[in-house]
Amino acid sequence: MNKINVNKPYLPDINKYKKYLDRIWRNNHLTNFGPLSMELELKLCEYLGVDNLLLVSNGTLALQIAYKVLGIKGEVITTPFSFVATTNTILWENLKPVFCDINPQTFCIDEQKIEKLITPKTEAILPVHVFGNPCEVEFIDIIAKKHNLKVIYDAAHAFGVKYKNNSIFNYGDISTLSFHATKLFHCVEGGALIATDNAFIQEAKKIINFGLSNSFPDSLGINAKNSEFHAAMGLCMLEDIDIIFQERQKIWMYYYEQLKDSFHIQKISKNANNNFHYFPIIFKNQEKLLNVLSILEKKNIFPRRYFYPSLNILDFNSKNQSCPVSEDISKRILCLPIYVGLSQKDQDRVIEGLRS
Ligand SMILES: *Cc1c(COP(=O)(O)O)cnc(C)c1O
C-alpha cells in the first residue's frame, strides 16, 4: 500500500516553472531583490490585501528580524503551543520567553491570561495563529496599547486568512509568514514580514542585506534575502492558489463530516475563514493516541504529533513555567494527512485506521 504522509509539498506544472527560469536566465539577476522577487512581493500584497511586505529567506529569520526591527529586549509573552521555531527565535536573540497558556478550544494563546504575565521587563507579545485560526486580535491589541507593548504574530499558518473581512496580517505591528515547502503557499524555502508601518519594512530590508545603506554598512545586519529561484516557485504557486484552496477544502470537509462526532475538533474563530491548512484531532488521552498512531503506521500512514511537546517543558528553555492546558492538548493532538493530491480512497484508509 502506498505511503501516506501528513504532508506532501505542492509542485506546480514544471513547464510553468521553466518559463520563469527562462526569465531568470535572460535577466541574469539571481538574487538580491531581483525582478521576480519584486513581482512576487507586489502580487502577494494584492492577493493578501496588505500594504507592506518583504520576502525573506525563511519564517524563522522573519521572526528574528521582527524583534530587531522593533528593538525588542527583555521578556516576550508567547504561546508554548507552537512549532519549536517560535520559541527558538526568542532564545536565539537572547530574549526571555514567558509562556502564556492556551485556550483549549481554539488552541491559540488564552488572551485572558496575558495581562497577569506582564512585568516591567515585558516588551512584546508573540502569539501564533495556530493552524490558521486567528487569535483574539482585537483584545490583544487593547492589552498591548494599554501596556505599551509591541505585538508580533507568528502567522506561519495563516496564509489567506481574513478576520472580519480584513487580512489577518493587518493586525499587530508585524506578522511573519513561512513559505517553507510544507506550508499551504510555499517558495521551497522562504518567508515574509508584513508590517502595518512601512518604516518597519524599510528597516527590515536593510537588516536582511547586511545592514547596507547605499553599499555602506552603517548598522548591524545579516543575510536573510531570498533568491529569484524561490520567487519563481512562489509566482507559480500564486497561479494555482485557487485550486489549492478548493482541493484542501474538499479534503478538510470530508474529514470533518466523517470525524466530527468521534473527535474533539479545533473551534475556528467565527470572525474568520478557514484556510484548511491542517486537520488536527484530539484524543481522549495520550494512550489512545499512541495506540492509533501505531495502528496507522502499520498501515503505512504517517500523521504527525503536532504540536508536541508543549514548548514550556523543553530542557533548553527557561524552566518552571507551567502551562497545563497546552501540556495536556499537546499530548493528545494528532494532525491528519492533508494535501493537494490526497485521494478520497487514501483519505478513507486514514479514517478506517482511526475507527479501528
Ligand atoms: C513553519 C513554522 C515556522 C518556521 O518557518 P520556516 O520557514 O520553516 O523557518 C515558524 N513558526 C511556525 C508556527 C511554523 O509552523
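Visitor: Which are the buried residues of α3?

Guide: This is a predicted model, where local features need pLDDT of at least 70, side-chain atom pairs count only at pLDDT 80 or more, and totals for chains, interfaces and linings use all residues. Residues are numbered from 1 along each chain as its sequence is written, and side-chain values use heavy atoms, with hydrogens and water left out. Buried means under 20% relative accessible area (1.4 Å probe, protein chains only). By that cut-off, the buried residues of α3 are Gly59, Leu61, Ala62, Leu63, Gln64, Ile65, Ala66, Tyr67, Val69 and Leu70.

Visitor: How far apart are the end C-alpha atoms of helix α3?

Guide: Helices are DSSP runs of H or I, at least four residues, and strands are runs of E, at least two, numbered from the N terminus. The expected span of a helix is 1.5 Å times one less than its number of residues. The twelve residues of α3 (residues 59-70) should therefore span 16 Å, and this agrees with the distance between the end C-alpha atoms, 17 Å.

Visitor: Which residue caps the N-terminal end of α3?

Guide: The backbone nitrogen of Thr60 has a side-chain oxygen 3.0 Å away. That oxygen belongs to the capping residue, Asn58.

Visitor: Which residue stands opposite Val151 in β6?

Guide: Strands β5 (residues 122-126) and β6 run parallel and are joined by two bridges; strands pair if DSSP finds at least two bridges between them. Opposite Val151 stands Ile125.

Visitor: What is the bridge partner of Ile152 in β9?

Guide: Three bridges join β6 to the parallel strand β9 (residues 174-178). The partner of Ile152 there is Ile174.

Definitions and conventions:
Buried < 20%, exposed > 50% of the residue type's maximum accessible area, 1.4 Å probe, protein only. Polar contact = N/O pair within 3.5 Å; in protein donor to acceptor, adjacent residues only side chain to side chain.
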